Amino acid sequence: MLSFFRLCFFFCASSSLLRASATCPPPSFLLRCGRGVRDVLALTQLLDEIPNADSTRLGMHGWSRGGMQTYIAAKSLPNIKAIAVGAGNSDEEMALKIRPKFEKMLIKRVPNFKDNRAEELKKRSVIKWTDKLPKKAPILLLHGDKDLLPRNLILHPNSNCSRL
């Protein structure tokens with residue numbers, strides 16, 4: 001039963017990304033977060049129609065950009081049981097400090113980025129709204145220890161990072 005659900009969830013979430021990448025030009029696909037998140041949220045509404053799917057035991061996993069989308073989708077899923085994110089960006093502002101060239105892509109691909117830079121970065125930075133994540137869902141973070149980190153990054157137990 002559970003393996004069928006996992007397969008269905010993976011297929012639907014993956015197919016939404018494949019559909020989006022195959023039918024949308026890159027400017028409307030990458031980093032907008034809209035279609036992929038909406039597709040996953042729509043899937044959760046269909047769970048009761050899938051034989052043997054248990055909509056009371058919902059978990060989410062995303063990798064890289066999918067990790068960011070997992071956080072965004074989780075805001076709308078208060079009963080989610082667990083969240084797992086692999087190499088997902090949690091702070092876009094810090095990411096731009098590490099990789100400044102990334103901003104050119106955001107300007108091209110995020111509508112109104114130049115006019116609403118701070119707001120658009122905040123929308124994609126879970127570190128700014130950890131209080132909106134499901135309170136009881138444990139979060140598993142998967143990240144390599146050789147990834148670039150700012151030298152001054154210190155995880156303080158009282159910071160928003162401690163929620164992640």
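Strands β1 and β2 run parallel and are joined by 5 bridges (strands are DSSP runs of E with at least two residues, helices are runs of H or I with at least four, both numbered from the N terminus; two strands pair if DSSP finds at least two bridges between them). The model is predicted, so local features need pLDDT of at least 70 and side-chain atom pairs count only at pLDDT 80 or more, while totals for chains, interfaces and linings use all residues. Residues are numbered from 1 along each chain as its sequence is written, and side-chain values use heavy atoms, with hydrogens and water left out.

His61 has Ala84 of β2 as its bridge partner. Strand β2 (residues 82–86) is largely enclosed by the rest of the structure, because 4 of its 5 residues are buried (buried means under 20% relative accessible area, exposed over 50%, partly exposed in between, with a 1.4 Å probe and protein chains only).

Salt bridges number 4 (a side-chain nitrogen of Lys or Arg within 4 Å of a carboxyl oxygen of Asp or Glu). One of them joins Glu93 to Arg117, with the closest N and O atoms 3.2 Å apart. This pair links distant parts of the chain, as Glu93 is in helix α5 (residues 92–98) and Arg117 in helix α7 (residues 117–123), 24 residues apart. Arg117 also meets Glu103 in a salt bridge of 2.8 Å, N to O. Glu103 lies in helix α6 (residues 102–109), so this pair ties together parts that are 14 residues apart in sequence.

Another salt bridge is formed by Lys123 and Glu120 at 3.1 Å. Glu120 is buried at 8% relative accessible area, whereas Lys123 is partly exposed at 41%.
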